[in-house]
Amino acid sequence: MSDATKKPAAAPGLATTLASIVNGCFGDYLSQRDNGLAIDMAFYVHNCALSLTPDALCEAVPEPTGKLCVLVHGLCCHEGAWDYPGKPARSYGSALHDDLGYTPFFLRYNTGLPIPYNGAALDALLEKLLAVYPLPVEEVILIGHSMGGLVLRGACHFGAERGAAWVSKVSRVFYIGTPHEGAALEQLGHLVNSVLHAVPNPITHLLGDVASQRSQGIKDLRHGTVLDGAAGIAAVPWLAGAQHYMIAGTVTDDPGHLAARLFGDGLVQPPQAGENVRLFPGIAHMELAHSEDVYDQIRTWCASA
Amino acid sequence: MQPETLRHLRGAKDLLEEAIEAAAVSIGDAQMQMTRQPYRLLAQIQPIAAPVRAIEEAHLRITDGVYYSIRLGNRLFGMVAGYALDRIEGVARRQ
């Protein structure tokens with residue numbers, strides 16, 4: 001793959017968006033078949049994969065800092081999900097760089113692969129990044145949107161389990177619209193699928209078979225599965241030594257509204273209220289990845305001791 | 001054309017081909033099952049059982065033929081598209 005610096009700045013286009021959607025829906029199949037559409041996990045700069053070599057990194061990050069920020073997108077998305085609409089150069093990553101001096105790294109990955117697989121792959125990638133980074137790393141913050149938050153939890157778990165050096169640098173983890181307790185939409189999808197298979201009719205069986213083809217990544221969202229073989233997320237402890245923050249939205253301005261209570265941010269239910277939990281009424285699931293209000297909260301938390 | 005674009009095009013072609021193949025097999029199986037149901041009922045009426053079985057056989061063969069031709073056309077399309085992509089890749093490499 002080419003280095004980020006060999007091409008002029010470019011945002012992910014329609015082809016990348018379509019490929020990301022196909023990866024989200026059938027990514028495990030694509031990977032199994034070695035299909036050319038399958039996305040390999042990498043950090044992306046200007047729509048190009050970043051080679052994790054000292055030279056490539058120096059070229060792609062001309063002014064590195066000792067504070068890193070890793071952003072992980074959600075299902076069927078790519079790193080463009082972080083871009084502010086109408087302001088493609090601005091994202092939480094670029095804003096944190098400008099305001100607090102964090103060097104952002106945007107991950108792109110095959111969201112259709114099992115979440116535990118992506119978590120383990122991110123653990124290995126972060127280790128490689130820190131090994132070739134031109135400066136000593138003082139701090140790493142992690143920001144995950146939707147499924148990205150689960151991938152981060154997985155990466156932290158696998159990294160902590162094997163004593164990876166990067167894990168000790170993680171100070172804060174932000175989970176934005178992350179379905180820690182499972183996504184209601186996939187739970188509904190699983191129920192519908194079971195009903196379609198239970199009805200003794202060839203058409204419903206056929207529709208059930210089609211629905212069953214959805215990726216393992218989507219299926220893992222049912223319980224928010226982070227580990228292989230784990231029934232739920234409860235088995236995964238939160239990374240010790242890091243602060244964990246949860247950000248959620250609702251589809252209506254009134255969080256007590258029936259629609260907000262039923263549908264949460266449209267895809268994910270908000271978590272229980274708590275010290276490091278912030279709810280943004282009226283901000284829907286996708287909007288959570290590029291909202292000025294959400295960024296202000298992240299910056300405030302990052303700036304706090 | 002960029003190698004990345006060609007890789008994506010080849011991947012999209014493969015995926016489309018595999019999806020049509022799988023859909024033709026699955027839909028064909030479902031239609032066969034549905035086709036057999038009324039014939040199964042009619043075949044229980046003894047005076048017409050023999051012609052019903054003959055018509056059912058012809059119906060199933062025609063249905064099978066239709067889905068087979070879809071799959072065959074799909075494979076031909078895949079071969080032609082693959083050949084075209086090979087040529088484009090060859091030209092791109094020479095450039």
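**Exercise 1.** Against which helices do the buried residues of α8(A) pack?

*Solution.* The model is predicted. Start with the helix itself: α8 of chain A covers residues 202-212, and its buried residues are Pro202(A), Thr204(A), Leu206(A) and Gly208(A). Next, look for their partners. The buried residues of α8(A) pack against α7 (184-198) of chain A together with α1 (3-42) of chain B. Finally, inspect the start of α8(A), where the backbone nitrogen of Ile203(A) has a side-chain oxygen of Asn201(A) within 2.7 Å.

**Exercise 2.** Describe the contact between chain B and chain A by its residues and its buried area.

*Solution.* Then take the area. About 1,100 Å² is buried between the two chains, with 65% of it on carbon and sulfur atoms. Of the area that chain B buries against chain A, 40% is supplied by His8(B), Leu15(B) and Glu18(B), more than by any other three residues.

**Exercise 3.** Find the salt bridge and count the polar contacts across the interface of chain B and chain A.

*Solution.* Begin with the charged pairs. The rule finds one salt bridge across this interface. Glu18(B) forms a salt bridge with Arg33(A), and their closest N and O atoms are 3.0 Å apart. A cut-off of 4 Å applies to such a pair. Then count the polar contacts: four residue pairs between chain B and chain A, with both residues at pLDDT 80 or more. Last, sort the side of chain B that touches chain A by class, which gives five nonpolar, five polar and three charged residues.

Technical notes: Residues are numbered from 1 along each chain as its sequence is written. Chains are lettered from A and ligands numbered from 1 in the order in which they are written. This is a predicted model: local features need pLDDT of at least 70, side-chain atom pairs count only at pLDDT 80 or more; totals for chains, interfaces and linings use all residues. Side-chain values use heavy atoms; hydrogens and water are left out. Contact means heavy atoms within 4.5 Å. Buried area is the accessible area (1.4 Å probe) that two parts lose on being put together, summed over both. A salt bridge is a side-chain nitrogen of Lys or Arg within 4 Å of a carboxyl oxygen of Asp or Glu. A polar contact is a pair of N or O atoms within 3.5 Å; within protein, one must be able to donate a hydrogen and the other to accept it, and residues adjacent in sequence count only if both atoms are side-chain atoms. Ala, Val, Leu, Ile, Met, Phe, Trp, Tyr, Cys and Pro count as nonpolar, Asp, Glu, Lys and Arg as charged, and the others, Gly among them, as polar. Buried means under 20% relative accessible area, exposed over 50%, partly exposed in between (1.4 Å probe, protein chains only). Helices (H or I, at least four residues) and strands (E, at least two) are DSSP runs, numbered from the N terminus.
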